Amino acid sequence: MCEKRIETALLNTPGVRFADWSTETHQVKVAFNSKRLTEQRLHEVVASVGHDTKKLRAKDEDYAKVPGCCKYRTLEKH
């Protein structure tokens with residue numbers, strides 16, 4: 001489910017030519033037109049569907065929409 005959600009979000013972004021998310025590495029390979037969008041925008045797209053990136057944390061309300069099988073955040077100790 002995560003793979004499809006992430007790839008679909010990226011592929012629906014104008015300027016993205018290719019997106020392939022690896023279930024093994026939890027990384028996505030993206031080919032995009034840098035004249036049409038920035039790397040930061042790619043991080044925003046992934047975060048908008050509930051997934052944190054190395055540069056951007058998804059909003060809690062977006063993360064809450066991720067199915068239970070795709071939850072990845074751990075509880076922080078208080």
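Predicted model: local features only at pLDDT ≥ 70, side-chain atom pairs only at ≥ 80, totals over all residues.
**Exercise 1. Describe the largest pocket and its lining.**

Step 1. Start with the rule. On a 1 Å grid over the protein atoms alone, a pocket is an open set of points where a 1.4 Å probe fits, with protein on both sides within 12 Å along at least five of seven lines. Lining residues have an atom within 4 Å of a point.

Step 2. Take the volume. The largest pocket holds about 600 Å³ of space. Grid points are joined across faces, edges and corners, and a volume is the space filled by probe spheres set on the points.

Step 3. List the lining. It has 23 residues, and His-26, Gln-27, Val-28, Asp-52 and Thr-53 lie nearest the centre of the pocket.

Step 4. Assign elements. H1, strand S2 (28-32) and H2 each give two or more residues to this lining. H2 gives the most, with four residues.

**Exercise 2. Find the largest nonpolar core and the elements that build it.**

Step 1. A nonpolar core is a set of buried Ala, Val, Leu, Ile, Met, Phe, Trp, Tyr and Cys residues joined through side-chain atoms within 4.5 Å.

Step 2. The largest such core has 14 residues. Ile-6, Leu-10, Val-16 and Leu-42 have the most contacts inside it.

Step 3. Helix H1 (2-11), strand S1 (16-21) and helix H2 (39-48) each give two or more residues to this core. The largest share, four residues, comes from H1.

Step 4. Look at Leu-10. Leaving aside neighbours within four places in sequence, its contacts (heavy atoms within 4.5 Å) include Val-28, Val-45 and Val-46.

Step 5. Turn to Leu-42, in helix H2. It counts as buried because its relative accessibility is 9%. Beyond four places in sequence, Leu-42 is in contact with Leu-10, Val-16, Val-30, Phe-32 and Leu-37.

**Exercise 3. Which residues of H1 are buried, and how is Glu-7 placed among them?**

Step 1. The buried residues of H1 are Cys-2, Arg-5, Ile-6, Glu-7, Ala-9 and Leu-10. They pack against S1, S2 and H2.

Step 2. Glu-7 is buried yet has no salt bridge. The nearest side chain of opposite charge, Lys-4, is 9.2 Å away. Lys and Arg count as positive and Asp and Glu as negative; His and the chain ends are not counted.

Step 3. Glu-7 touches Ala-19, Asp-20 and Trp-21, not counting residues up to four places away in sequence.

**Exercise 4. Count the salt bridges and trace those that link separate parts of the chain.**

Step 1. A salt bridge is a side-chain nitrogen of Lys or Arg within 4 Å of a carboxyl oxygen of Asp or Glu. The count comes to four.

Step 2. One of them joins Glu-39 and Lys-55, with the closest N and O atoms 3.1 Å apart. Glu-39 lies in helix H2 and Lys-55 in the loop between H2 and helix H3 (60-63), so the pair ties together parts that are 16 residues apart in sequence. Glu-39 is partly exposed, at 43% relative accessible area. Lys-55 is exposed, at 54%.

Step 3. Asp-52 and Arg-73 meet at 2.7 Å, N to O. Asp-52 is in the loop between H2 and H3, Arg-73 in the segment after H3, 21 residues apart. Asp-52 is partly exposed, at 26% relative accessibility.

Step 4. Arg-73 also forms a salt bridge with Asp-60, at 3.1 Å between the closest N and O atoms. Asp-60 is in helix H3, 13 residues from Arg-73. Shared partners join Asp-52, Asp-60 and Arg-73 into one network.

Conventions
Residues numbered from 1 in each chain as written. Heavy atoms only, no water. Buried < 20%, exposed > 50% of the residue type's maximum accessible area, 1.4 Å probe, protein only.
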